[in-house]
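Work through the exercises below with the sequence and the model open. Try each task before reading its solution.

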Amino acid sequence: MSNNLTNMAFDPANIHWQKMGSYTGFGYYLLNVDVEARVIDLLFNFEANQKCFYHRHHQPCSALVLHGEQHIWEPTVGGEHNHQVRPTGHFAVAAGGETHIEGGGPEGCIVYQNIRAKDDLVYSILNDDLSTKLDVSIHDFFTAFEKQAA
């Protein structure tokens, strides 16, 4: 491995993080949205000990933790949660259909995510009872990508 990689610096202060509606504690930045190829590349930035909302991934995706710890809370049938901690450098692949809440650990968390959609529906934002609050399509991501670039 090259010694140059050990000196590589990633400064999240240089990124203009986008808010998702009125939600607080995290932001995102779209790196690429290719509607024709159905590929989305993005970063998530979670503040220390903050988390997002319940959501369901409808498409295959992969994630790489770039900084801090990514925390995942998956609901169980009994109303409890399975809690997983992914440290910096952890790479995960998911087939789609996963429902959970994500968040950052004590230092916060930055995650790179790649989505390879088979159809238009990418995420569903869920209510606390896991019913659908809002569906988010690849076209919604593209609209946000254009707005972010403006």
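Helices (H or I, at least four residues) and strands (E, at least two) are DSSP runs, numbered from the N terminus. The model is predicted: local features need pLDDT of at least 70, side-chain atom pairs count only at pLDDT 80 or more, and totals for chains, interfaces and linings use all residues. Residues are numbered from 1 along each chain as its sequence is written, and side-chain values use heavy atoms, with hydrogens and water left out.

**Exercise 1. Two loop residues**

Task: in which loop does Asn 49 lie, and is Asn 49 buried or exposed?

Solution. Step one: find the loop between β2 and β3, where Asn 49 lies. Step two: check its accessibility. Buried means under 20% relative accessible area, exposed over 50%, partly exposed in between (1.4 Å probe, protein chains only). Asn 49 has a relative accessible area of 55%, so Asn 49 is exposed. Step three: look at the backbone. Most residues other than glycine have a negative phi. Phi of Asn 49 is positive, near 55°.

Arg 38 is in the loop between β1 and β2. Its phi is also a positive value, near 60°. At 25% relative accessibility, Arg 38 is partly exposed.

**Exercise 2. Aromatic pairs**

Task: how are the rings of Tyr 23 and Phe 53 arranged?

Solution. Start with the rule. Rings of Phe, Tyr and Trp (its six-membered ring) pair if their centres lie within 6.5 Å; planes under 30 degrees apart count as stacked, over 60 as edge-to-face and the rest as tilted. The count comes to 5 aromatic pairs. For Tyr 23 and Phe 53, the centres are 4.4 Å apart and the planes are at 45°, so this pair is tilted. Tyr 23 is in the segment before β1, Phe 53 in the loop between β2 and β3, and 30 residues separate them. Tyr 23 is partly exposed at 26%. Phe 53 is buried at 12%.

Next, take Phe 26 with Phe 53. Their ring centres lie 5.8 Å apart with planes at 65°, so the pair is edge-to-face. Phe 26 lies in strand β1, so the pair ties together parts 27 residues apart in sequence. Phe 26 is buried, with a relative accessible area of 5%.

Tyr 23, Phe 26, Phe 44, Phe 46 and Phe 53 form one aromatic cluster.

**Exercise 3. A charge over a ring**

Task: over which ring does the charged end of Lys 51 sit?

Solution. A charge sits over a ring if NZ of Lys or CZ of Arg is within 6 Å of the ring centre and within 35 degrees of the ring normal. The charged end of Lys 51 sits over the ring of Trp 73, 4.2 Å from its centre.

**Exercise 4. The largest pocket**

Task: which residues lie nearest the centre of the largest pocket, and which element gives the most to its lining?

Solution. A pocket is an open set of points on a 1 Å grid over the protein atoms alone, where a 1.4 Å probe fits, with protein on both sides within 12 Å along at least five of seven lines; lining residues have an atom within 4 Å of a point. The lining has 26 residues, and Met 20, Tyr 28, Ile 125, Val 136 and Phe 141 lie nearest the centre. α1 gives the most to the lining, with 6 residues.
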